[in-house]
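Colleague: I am new to reading protein models. Could you walk me through one, feature by feature?

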Amino acid sequence: MQAYKRTKFYNKPLRLSKKQKKQPARVIRDFYTWYHLGDMRHLLQEWMEAAITSENAQFESARDRNTLYSFYQNIERMAEAAYLLIKEELPEPMKSPARKQEQDSH
């Protein structure tokens with residue numbers, strides 16, 4: 001895995017608007033309005049599997065795959081912590097463990 005070139009933007013938010021920078025908790029709440037925690041885990045798992053199982057040279061070495069897996073685990077932990085911070089602010093349907101359609105498909 002290549003090391004990223006550090007720029008002046010290296011440790012600064014790039015995707016947040018000025019309003020979002022002033023209200024980061026709202027960004028987290030909006031995220032969990034769009035995705036259940038389970039949805040996020042599922043998408044993250046699919047992304048991880050695609051990266052690890054493809055013939056992508058970026059993850060050829062065991063060290064690179066371990067770095068990716070550690071990142072995956074930490075992103076999931078961060079998402080869970082963020083969810084706990086804003087859970088009570090979410091609309092009621094987004095607080096439930098799973099969407100109705102997900103339950104029907106299993």
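**Reading the pocket and the fold**

Modeller: Start with the lining of the largest pocket: its residues divide into 11 nonpolar, no polar and no charged. Keep in mind that this is a predicted model.

Colleague: Which residues line the largest pocket?

Modeller: Look for Ile28, Phe31, Tyr32, Tyr35, Met40, Leu43, Leu44, Ile75, Met78, Ala79 and Ala82.

Colleague: How much space lies in the largest pocket?

Modeller: About 310 Å³.

Colleague: Which helices each supply at least two residues of the lining?

Modeller: Three are named: helix 2 (24–34), helix 3 (37–53) and helix 4 (62–86).

Colleague: Which helix gives the largest share of the lining?

Modeller: Helix 4 does, with four residues.

Colleague: Now the whole chain. How many helices and strands are there?

Modeller: Count six helices and zero strands. Read along the sequence, the pattern is α-α-α-α-α-α.

Colleague: What share of the residues counts as buried?

Modeller: A residue is called buried when its relative accessible area is under 20%. In this protein chain, 18% of the 106 residues count as buried.

Colleague: What does the accessible surface come to?

Modeller: About 8,800 Å² for the protein chain. Carbon and sulfur atoms account for 54% of that surface.

Colleague: And the contacts: what percentage joins residues at least 24 apart?

Modeller: Take the contacts between residues at least 6 apart in sequence. Of these, 70% join residues at least 24 apart.

Definitions and conventions
Residues are numbered from 1 along each chain as its sequence is written. This is a predicted model: local features need pLDDT of at least 70, side-chain atom pairs count only at pLDDT 80 or more; totals for chains, interfaces and linings use all residues. Side-chain values use heavy atoms; hydrogens and water are left out. Buried means under 20% relative accessible area, exposed over 50%, partly exposed in between (1.4 Å probe, protein chains only). Contact means heavy atoms within 4.5 Å. Accessible areas come from the Shrake-Rupley method with a 1.4 Å probe; for residues, only the protein chains shown count as cover. On a 1 Å grid over the protein atoms alone, a cavity is a set of points where a 1.4 Å probe fits but cannot get out, and a pocket is an open set with protein on both sides within 12 Å along at least five of seven lines; lining residues have an atom within 4 Å of a point. Grid points are joined across faces, edges and corners, and a volume is the space filled by probe spheres set on the points. Ala, Val, Leu, Ile, Met, Phe, Trp, Tyr, Cys and Pro count as nonpolar, Asp, Glu, Lys and Arg as charged, and the others, Gly among them, as polar.
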